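Keep the picture open as you read.

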Amino acid sequence: MIFCFSGTGNSRRVAERLSRLLGEEVTEMNRTTYEVAASVPVADGLTVWVFPVHSWGLPDFVVRFMRRVGGGCGAGVAGRHYMVCTCGDDIGLAHRQWRRLVADRGWRPMAAYSVQMPNTYVVFPGFDVDSQETARRKLDASEDRVVSVASMIMSGATADDVEEGALPWIKSHLVYPYFMKRMISPEPFRVDAGRCIGCGRCENACPLGNVRLGAGRLPAWGADCTMCLGCYHVCPRHAVEYGRRTRGKGQYYCPNS
Ligand SMILES: Cc1cc2nc3c(=O)[nH]c(=O)nc-3n(C[C@H](O)[C@H](O)[C@H](O)COP(=O)(O)O)c2cc1C
């Protein structure tokens with residue numbers, strides 16, 4: 001079983017390639033599967049968790065999903081659990097957070113891997129999407145990386161192989177909690193009504209079902225956001241904004257996703 005959460009398609013692309021290499025099915029972590037997660041069994045075999053890093057930790061929604069899934073039928077089943085975390089650059093100590101969550105559920109954490117993909121974080125000053133050339137280079141390199149991750153998983157490897165980056169403790173233990181507390185509000189999201197064409201891609205892209213088209217087919221945001229930025233990046237008219245902070249920033253949505 002492969003559980004996958006993805007805002008802008010990078011992690012979905014990795015999960016789909018792993019699925020072909022490992023012969024495991026992909027289950028998306030989204031609003032629909034969250035509702036029934038307690039009754040989704042966590043098998044006594046291989047489970048691979050694929051998701052993006054968010055501020056050097058796990059996306060809030062992935063944490064919630066991991067705590068809920070298999071509630072009625074996963075207890076006492078250790079299995080073999082692997083983490084495959086996509087990132088623009090590095091993941092800090094996100095793998096340790098994942099190991100703790102897995103162990104708390106009584107499951108067996110085997111190993112954690114990171115896969116560099118094009119960057120999607122654009123909200124903070126100084127952060128933007130990669131150039132087209134860099135994005136292409138990362139996507140190309142990720143193909144071999146996923147094959148190597150799959151072969152480590154198949155061999156039953158137990159050593160983590162992740163890019164922690166510089167100052168990982170500070171990023172994961174100080175920046176991550178601050179980010180989760182203060183910077184995942186959906187409140188600043190808005191749409192430029194002059195540019196919006198009411199296509200509904202933002203609504204479809206939201207894994208949490210938090211974007212709904214309202215009057216005049218303009219999107220409106222609810223309260224449950226995990227800040228994946230899918231709604232912002234998927235817009236074909238660049239009409240979705242996060243206050244003034246995305247002004248002049250680029251967009252990226254994973255090809256073939
Ligand atoms: C809210 C947010 C925070 C992010 N934080 C990090 C980070 O700490 N380190 C990093 O290298 N990339 C970071 N990124 C980039 C994504 O992890 C990366 O682009 C990932 O592949 C996106 O996957 P997805 O398309 O499946 O959502 C962040 C992206 C978002 C939206």
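The domain bounds used here come from an automatic or database domain assignment. This is a predicted model, where local features need pLDDT of at least 70 and side-chain atom pairs count only at pLDDT 80 or more, while totals for chains, interfaces and linings use all residues. Residues are numbered from 1 along each chain as its sequence is written.

Q: What makes the shell around the ligand draw on domain 1 and domain 2?
A: At least three of its residues come from each of domain 1 (2-181) and domain 2 (189-242). There are 25 residues around the ligand, and Ser6, Gly7, Asn10, Ser11 and Pro52 come nearest. Near has a cut-off here: the C-beta atom of the residue, placed from the backbone, lies within 6 Å of the molecule or strand.

Q: How do you know which residues of this shell are nonpolar, polar or charged?
A: Sort them by name: Ala, Val, Leu, Ile, Met, Phe, Trp, Tyr, Cys and Pro are nonpolar, Asp, Glu, Lys and Arg are charged, and the others, Gly among them, are polar. The shell then divides into 11 nonpolar, 12 polar and 2 charged residues.

Q: How do you know how many helices and strands the chain has?
A: The elements are DSSP runs numbered from the N terminus: a helix is H or I with at least four residues, a strand is E with at least two. By that rule the chain has 8 helices and 9 strands. Helix 1 (10-22) and strand 4 (80-87) each give at least two residues to the shell around the ligand.

Q: Why is the chain called as compact as a globular protein of its length?
A: The radius of gyration is taken over C-alpha atoms, and the globule rule is 2.2 Å times the number of residues to the power 0.38. For 257 residues the rule gives 18 Å, and the chain's radius of gyration is 18 Å, so the chain is as compact as a globular protein of that length.

Q: Why is arginine 217 called exposed?
A: A residue is exposed if 12 or fewer other C-beta atoms, placed from the backbone, lie within 10 Å of its own, buried if 20 or more do, and partly exposed in between. Arginine 217 has 12, so it is exposed. Its place is the loop between strand 7 (211-213) and strand 8 (219-221).

Q: What makes histidine 238 partly exposed?
A: Histidine 238 has 14 C-beta neighbours inside 10 Å, so it counts as partly exposed. This residue sits in the loop between helix 8 (230-234) and strand 9 (240-242).

Q: What makes a set of residues a nonpolar core?
A: Its members are buried Ala, Val, Leu, Ile, Met, Phe, Trp, Tyr and Cys residues joined through C-beta atoms within 7 Å. The largest such core has 46 residues, of which Leu18, Val50, Val84 and Cys85 touch the most other members. Another core, of 22 residues, lies apart from it, with Val191 and Cys206 among them.

Q: How do you know which residues leucine 18 touches?
A: Two residues are in contact if their C-beta atoms, placed from the backbone, lie within 7 Å. Leaving out residues up to four places away in sequence, leucine 18 touches Ile2, Val48, Val50, Val84, Val146 and Ala150.
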